[in-house]
Amino acid sequence: MISRRTLLAGAASALPALSSPKLSIPIGIQIYSLRRAADKDLPGTLALIRRFGFQEVEVSGLHGHTAKEFRKLLDANGLKATSMMAAYDK
């Protein structure tokens, strides 16, 4: 059983992190992290990534779309592809 003192001390230690300013650098996400969702619904997945607050993505494939279509989807969601994973032999 956790004492009330330990619980309050733990909660108080998180307060500085909650009040810190937002990062001034963009944080991205690998679309590969959501590859199953992207394979099923790329437009919805990109919209979700943007709702999460991300502005940059690392592309892991085009998920059944042409490069031109993929770019339009990124632009429509305010996302920027900053890198792309690729197999060495390709």
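1. Leu42, Pro43 and Leu46 of α4 meet Phe70, Leu73 and Leu74 of α5. Contact here means heavy atoms within 4.5 Å, and helices (H or I, at least four residues) and strands (E, at least two) are DSSP runs numbered from the N terminus. By class, this contact of α4 with α5 has six nonpolar, no polar and no charged residues. The classes count Ala, Val, Leu, Ile, Met, Phe, Trp, Tyr, Cys and Pro as nonpolar, Asp, Glu, Lys and Arg as charged, and the others, Gly among them, as polar.

2. The model is predicted: local features need pLDDT of at least 70, side-chain atom pairs count only at pLDDT 80 or more, and totals for chains, interfaces and linings use all residues. Residues are numbered from 1 along each chain as its sequence is written, and side-chain values use heavy atoms, with hydrogens and water left out.

3. On the geometry of the helix pair: two packed helices are described by the angle between their axes and the distance between the axes. The axes of α4 and α5 come within 9 Å and cross at roughly 35°. These axes are lines fitted to C-alpha atoms, for helices over the stretch in contact, and angles run from 0 to 180 degrees between N-to-C directions. The α4 and α5 crossing is right-handed; a crossing is right-handed if the near helix is turned clockwise from the far one by less than a right angle, and left-handed if anticlockwise.

4. Overall, the protein has five helices and three strands, and from the N terminus on the elements run α-α-β-α-α-β-α-β. Of the 90 residues in the protein, 22% are buried. Buried means under 20% relative accessible area, exposed over 50%, and partly exposed in between (1.4 Å probe, protein chains only). Among contacts with a separation of 6 or more, 68% are between residues 24 or more positions apart.

5. The largest nonpolar core has 13 residues, of which Ile31, Leu46, Ile49 and Val57 touch the most other members. Helix α4, strand β2 (56-59) and helix α5 (67-76) each supply at least two residues of this core. A nonpolar core is a set of buried Ala, Val, Leu, Ile, Met, Phe, Trp, Tyr and Cys residues joined through side-chain atoms within 4.5 Å.

6. Ile49 is found in helix α4 (residues 42-51). Its relative accessible area is 0%, so Ile49 is buried. Leaving aside neighbours within four places in sequence, Ile49 is in contact with Ile29, Ile31, Leu34, Phe54, Val57 and Leu79. The C-alpha atoms of Ile49 and Gln30 are 9.8 Å apart, and the two residues are 19 apart in sequence.

7. Phe54, one of those contacts of Ile49, lies in the loop between α4 and β2. Not counting residues up to four places away in sequence, Phe54 touches Ile27, Gly28, Ile29, Ile49 and Leu79. Phe54 and Ile29 are 25 residues apart in sequence, with a C-alpha to C-alpha distance of 7.0 Å.

8. Asn77 lies in the loop between α5 and β3 (80-84). Asn77 counts as buried because its relative accessible area is 16%. Not counting residues up to four places away in sequence, Asn77 touches Pro43, Leu46, Ala47 and Arg50. Gly44 lies in helix α4 and is partly exposed, with a relative accessible area of 28%.

9. The salt-bridge count comes to one. The rule requires a side-chain nitrogen of Lys or Arg within 4 Å of a carboxyl oxygen of Asp or Glu. Side chains of opposite charge can pair when their charged atoms come close. The pair here is Arg71 with Asp75, at 3.0 Å from N to O. Both residues are in helix α5 and four residues apart, so they are separated by about one helical turn. Arg71 is exposed, at 53% relative accessibility, whereas Asp75 is partly exposed, at 46%.

10. A backbone item: phi of His63 is near 50°, a positive value in a residue other than glycine. His63 is found in the loop between β2 and α5. With 15% relative accessibility, His63 counts as buried.
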